[in-house]
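Reader: I have a structure open and would like to go through it slowly with you. Could we begin with how the helices pack?

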Amino acid sequence: MILTAILQSDPSSVVAEAVPVQEELSFSLIDMAIKGGWLMIPLFLLSILTIYIFAQKWWDIRKASVIDENFMKDIRDYIHQGKINAALSLCKKNDTPVSRLIEKGVERIGRPLQDIQTAVENMGNVEVARLEKGLPMLATIAGGAPMIGFLGTVIGMVQAFYNMSAAGNNIDITLLSGGIYTAMVTTVAGLIVGILAYFGYNYLTARISDLVFKMQNNTIEFMDLLHEPAK
């Protein structure tokens with residue numbers, strides 16, 4: 001009978017009573033970030049640093065990966081024709097890690113092949129170090145951000161239990177639930193930053209590995225070129 005009376009009543013009143021409940025459960029990301037406390041500040045700064053490093057390295061690697069398909073063919077023709085200066089000018093014009101490797105080798109043409117190969121390899125190490133600059137910081141963020149988030153969780157739990165102990169006999173479940181909510185916010189933020197940095201680091205590392213492979217292939221091709229007889 002009670003259920004029938006409820007169903008026969010005005011349904012708009014039931015909806016009106018349900019709306020406030022939905023409003024209480026809604027929250028924004030800004031409100032959630034504020035609930036996380038002061039540890040959200042370093043996590044926010046780390047997220048900005050992650051985006052900056054990733055964008056910068058992605059752009060650098062993208063520019064470094066652009067290699068003219070006719071570059072090595074032109075270098076071969078210039079060297080066979082004895083046009084060393086033209087080969088050097090072509091290397092400087094391209095201005096890529098591969099062209100800088102070849103430029104270092106062309107500058108030493110006339111010396112023993114072992115000296116040329118050593119100079120090219122040393123230049124390759126410099127280029128790889130330049131490409132990898134910033135990646136250790138990205139790896140540090142990937143491991144450190146979740147730890148900062150977990151630290152915030154521990155601090156929040158300690159505060160929650162301290163408030164419960166200070167309340168004495170007037171223990172309210174909201175004292176514990178509110179502290180846990182605040183603590184979990186830092187964990188979520190730390191994991192988000194850490195995941196972004198982790199995937200960004202692995203993506204950039206894979207791109208650098210592909211570029212290093214191209215550099216090695218061109219180095220081998222250049223050294224083989226020096227063994228070819230002049231036409």
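Reader: How do the axes of H7 and H8 cross, and within what distance do they come?

Author: This is a predicted model, in which local features need pLDDT of at least 70 and side-chain atom pairs count only at pLDDT 80 or more, while totals for chains, interfaces and linings use all residues. Residues are numbered from 1 along each chain as its sequence is written, and side-chain values use heavy atoms, with hydrogens and water left out. The axes of H7 and H8 come within 8 Å and cross at roughly 155 degrees, where axes are lines fitted to C-alpha atoms, for helices over the stretch in contact, and angles run from 0 to 180 degrees between N-to-C directions. H7 and H8 are therefore roughly antiparallel to each other (angles under 35 degrees count as roughly parallel, over 145 as roughly antiparallel, 65 to 115 as roughly perpendicular and the rest as oblique). Their crossing is right-handed; a crossing has that name if the near helix is turned clockwise from the far one by less than a right angle, and is left-handed if anticlockwise.

Reader: Which residues of H7 and H8 make that contact?

Author: From H7 come Pro97, Arg100, Leu101, Lys104 and Gly105, and from H8 come Ile116, Ala119, Val120, Met123, Gly124, Glu127 and Arg130; contact here means heavy atoms within 4.5 Å. Sorted by class, the contact of H7 with H8 has six nonpolar, two polar and four charged residues, where Ala, Val, Leu, Ile, Met, Phe, Trp, Tyr, Cys and Pro count as nonpolar, Asp, Glu, Lys and Arg as charged, and the others, Gly among them, as polar.

Reader: Is Arg100 buried or exposed?

Author: Arg100, which lies in helix H7 (residues 97–107), counts as buried because its relative accessibility is 19%, and buried means under 20% relative accessible area, exposed over 50%, and partly exposed in between, with a 1.4 Å probe and protein chains only. Leaving aside neighbours within four places in sequence, Arg100 is in contact with Asp95, Met123, Glu127 and Arg130.

Reader: And how many residues of H7 are buried?

Author: Nine of the 11 residues in H7 are buried, so that this helix is mostly covered. Among them are Pro97, Val98, Ser99, Leu101, Ile102 and Glu103.

Reader: You mentioned Asp95, so where is Asp95 placed?

Author: Asp95 sits in the loop between H6 and H7, and with a relative accessible area of 53% it is exposed. Asp95 also has a positive phi of about 50 degrees although it is not a glycine.

Reader: New topic: how many helices and strands are there in the protein?

Author: There are 10 helices and zero strands, where helices (H or I, at least four residues) and strands (E, at least two) are DSSP runs numbered from the N terminus. Of the 231 residues in the protein, 29% are buried.

Reader: Which residues have the most contacts inside the largest nonpolar core?

Author: They are Phe71, Ile75, Ile102, Val106 and Phe222, in a core of 38 residues. A nonpolar core is a set of buried Ala, Val, Leu, Ile, Met, Phe, Trp, Tyr and Cys residues joined through side-chain atoms within 4.5 Å. H10 gives the most to this core, with 11 residues. In soluble globular proteins, nonpolar side chains tend to be buried together.

Reader: What is Phe71 in contact with, apart from its neighbours within four places in sequence?

Author: Phe71 is in contact with Leu90, Cys91, Asn94, Val98, Ser99 and Ile102.

Reader: How do H5 and H6 cross?

Author: The axes of H5 and helix H6 (residues 84–94) come within 9 Å and cross at roughly 160 degrees. That makes H5 roughly antiparallel to H6, and the crossing of these two helices is left-handed. In this contact Phe71, Asp74, Ile75 and Tyr78 of H5 meet Ala86, Ala87, Leu90, Cys91 and Asn94 of H6.

Reader: One last thing: how far apart are Ile79 and Leu225, in sequence and in space?

Author: Ile79 and Leu225 are 146 residues apart in sequence and 8.6 Å apart in space, C-alpha to C-alpha. Ile79 belongs to helix H5 and is buried, with a relative accessible area of 14%. Leaving aside neighbours within four places in sequence, Ile79 is in contact with Val106, Ile109, Phe222 and Leu225.
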